[in-house]
Every structure is written in structure tokens, then in C-alpha cells.
Amino acid sequence: MASLESQYSPTLEQFPLRSQKIHVLDYAGGGNAAYVFKVLIDGKTYALKMFKFDNPLLYPSRLRGISRRAVYDNFFIECRTNTSLIRQELNGKITPFCHGWILVPTKTERDVAKHFNVQSFLWDRPPNATDEKVRALLFDWVDGKMVSQIRITAHIADQIRNALKELHQASIAHRDIRAANIMVTKDRVYLIDLNSAWILSSPPEISSQKLKDAQEEDHRSLEAGFVLLSQINDGESVADLSLLGGLSLEEILTIYDPIKCHWRPQPRSFWHSKR
């Protein structure tokens with residue numbers, strides 16, 4: 001029988017949840033892959049990212065086993081990406097510090113349903129997993145604001161570019177660059193939500209060229225986001241238009257208009273407290 005570690009997470013360590021007591025303090029946000037809560041465990045505050053299940057009935061595919069998980073299981077993908085960062089001694093340097101994974105106690109799942117209306121059907125459990133616990137990752141809780149909630153300066157823009165560059169140098173492509181996934185604190189920037197990321201891996205077959213192409217798209221998405229932020233906030237653009245293939249400002253606004261909603265201020269998105 002497969003060990004819990006191999007069953008639930010690819011080499012990332014399991015967090016030692018000794019008391020099985022998790023005090024849920026606040027709801028931080030949710031999306032297609034997970035819900036995030038501010039929690040207290042043994043006197044320390046964490047961000048608890050609880051992942052939905054990979055349900056083949058919702059996302060049919062011919063892929064099976066680890067080949068499927070590497071494409072459709074957001075928990076598996078983010079575990080593997082954080083493992084890569086840890087092995088390169090980058091844990092907490094680009095993203096919030098990852099403490100490992102847990103199986104969420106049933107009481108905690110009931111608490112988030114009772115107090116935050118995240119009901120059991122929202123976890124997308126497949127029929128063969130009705131008794132399985134929700135999987136989650138624990139990160140340092142970091143107080144900050146998403147980039148769309150601040151007046152962005154050239155200095156902050158360069159910090160974000162440098163963080164993305166460091167992620168790429170670690171052979172990772174983020175693949176979901178948007179305002180809610182860029183957090184700014186008083187003294188630094190974090191990239192968050194790596195559940196769509198690519199690393200050089202097999203499965204799936206991610207070649208060096210495919211990874212490079214995805215990283216270049218990360219850069220384009222970021223610079224286009226800077227352009228959109230300047231339009232939304234009626235401010236001066238900090239975008240480097242040279243990274244957008246020589247497009248004019250008008251062309252950029254037309255091409256990227258469908259993702260403008262990803263750069264508008266959104267209250268209480270992932271990782272951001274209500275304060």
C-alpha cells in the first residue's frame with residue numbers, strides 16, 4: 001500500500017499537526033482550485049490553503065495516475081513546485097514560506113462550512129473519495145495587499161520583475177500572473193498561488209523550450225498588467241513595452257482587455273485579510 005506521503009504529496013514533507021486543533025480566524029479568499037483561511041495552530045498564525053479534489057467526472061481525460069495528477073490536481077502541482085523551491089533553498093524567498101502539507105481534520109472542514117459557508121459539495125469530491133479528508137498546504141501568514149490595491153511605483157514594479165526573474169531562474173513558470181497573485185508588503189514583494197505552475201518535469205512532458213515559452217508569457221502578462229493598472233487607476237504606466245513585442249499602447253489595451261478584470265481591485269482575495 002502506498003505511503004501517505006506518496007499518496008498525497010510528491011516528496012513535500014507533512015506538517016506535524018500534533019494536536020489536530022486548528023482555530024480558523026478568517027476567510028482570505030477562494031478560486032477555482034482552493035480556499036484560503038487565516039488560522040491559528042499551536043499559537044502561530046498560518047495561511048491554510050485547502051484544495052479541491054481532482055474529480056475525473058468534472059474534468060474527463062485519458063490520463064491516469066500521476067500523469068493525470070500532474071495536469072489536473074492543483075494540490076499535487078503546488079506541492080511539487082514548492083518542493084522544487086525548497087530543494088533550491090528558495091523557500092520563503094519568492095513566495096511565502098511553505099511549512100508542508102496536511103490532511104485537514106474533519107472538524108476544521110465543518111468549521112469553515114459553518115462559519116464561512118464553504119460547504120462540502122464545493123470540494124468536488126469524486127464518488128470514490130467521499131470519506132477522504134481535504135488536502136491543504138500551510139504557509140506563513142503574510143499581511144500585505146495585492147498589487148491592484150496600491151499605487152504602483154517604478155520601484156515596486158522592479159521588485160515584482162525581480163521576483164518573477166528569480167522564479168524563472170529556478171526553472172519554474174508561474175502561468176497565472178494576475179493582480180491577486182502578487183502581494184506587496186511594506187518592504188518586499190511575494191508571488192503567490194503556484195497551483196498552475198510548470199517545472200521541468202515528467203510527467204507532464206515539459207521541455208526546456210516549452211518552459212521558456214511559458215516564462216516569456218509570464219513576462220508579457222506582467223507588463224500588460226502594468227498597462228491595465230495604469231488605465232484602471234488613471235496613473236502613470238510603469239510597463240516596459242519592449243517586452244510586449246513592439247505593440248502600441250492602443251493595441252495592448254485591445255488585445256488584453258479580456259483580462260482587465262484580473263487586474264481590478266478585488267476585496268479579500270487569496271491571502272489578504274479583511275483588515
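**Figure 1. The largest cavity of the predicted model.** About 40 Å³ of space lies in this cavity. Ten residues line the cavity, and those closest to its centre are Glu78, Thr95, Phe139, Ile192 and Asp193. By class, the lining of the largest cavity comprises six nonpolar, two polar and two charged residues. Both domain 1 (16–141) and domain 2 (144–266) contribute to this lining, so the cavity lies between them.

Figure 2. To the contact, domain 1 gives 21 residues and domain 2 gives 19 residues.

**Figure 3. The largest pocket.** The volume of the largest pocket is about 830 Å³. Its lining is made of 39 residues, and Asn32, Ala33, Asn74, Asn195 and Ser196 lie nearest the centre. Helix H2 (65–72), helix H3 (74–87) and strand E10 (198–199) each supply at least two residues of this lining. H3 has the largest share, with four residues. Sorted by class, the lining of the largest pocket holds 17 nonpolar, twelve polar and ten charged residues. Because domain 1 (16–141) and domain 2 (144–266) both give residues to the lining, the largest pocket lies between them.

**Figure 4. The second largest pocket.** This pocket has a volume of about 480 Å³. Of the 20 residues that line the second largest pocket, Asp54, Pro56, Arg69, Pro126 and Asn128 lie nearest its centre. The elements that give two or more residues to this lining are helix H1 (4–8) and H2. The largest share, three residues, comes from H2. The lining of the second largest pocket divides into eight nonpolar, five polar and seven charged residues.

**Figure 5. The sheet of five strands, with helix H4.** The strands of this open sheet follow the order E1-E2-E3-E5-E4, and their pairing is antiparallel. Strand E1 (23–30) and strand E4 (98–103) are the edge strands, each pairing on one side only. From one strand to the next, the twist averages 25 degrees. Within the sheet, strand E3 (residues 44–51) is joined to strand E5 (residues 135–140) by five bridges in the antiparallel sense. Met50 stands opposite Ala136 of E5. Helix H4 (residues 106–116) packs on the sheet and touches E1, strand E2 (34–41) and E3. The direction of H4 makes about 65 degrees with that of E1.

**Figure 6. The sheet of three strands, with helix H5.** Three strands, in the order E6-E8-E9, form an open sheet with antiparallel pairing. Strand E6 (145–146) and strand E9 (189–191) each have a single partner strand and stand at the edges, so one side of each is left without a neighbour in the sheet. Strand E8 (residues 182–184) pairs with E9 over three bridges, in the antiparallel sense. Ile182 has Leu191 of E9 as its bridge partner. Helix H5 (residues 154–169) lies across E8 and E9, and runs at about 40 degrees to E9.

Technical notes. Residues numbered from 1 in each chain as written. Predicted model: local features only at pLDDT ≥ 70, side-chain atom pairs only at ≥ 80, totals over all residues. Heavy atoms only, no water. Pairing = 2+ DSSP bridges. Contact = heavy atoms within 4.5 Å. Axes fitted to C-alpha atoms, helices over the stretch in contact; angles between N-to-C directions. 1 Å grid on protein atoms, 1.4 Å probe; cavity = no way out; pocket = protein on both sides within 12 Å on 5 of 7 lines; lining within 4 Å. Points joined across faces, edges and corners; volume = space filled by probe spheres on them. Nonpolar A, V, L, I, M, F, W, Y, C, P; charged D, E, K, R; others polar. Domains from an automatic or database assignment.
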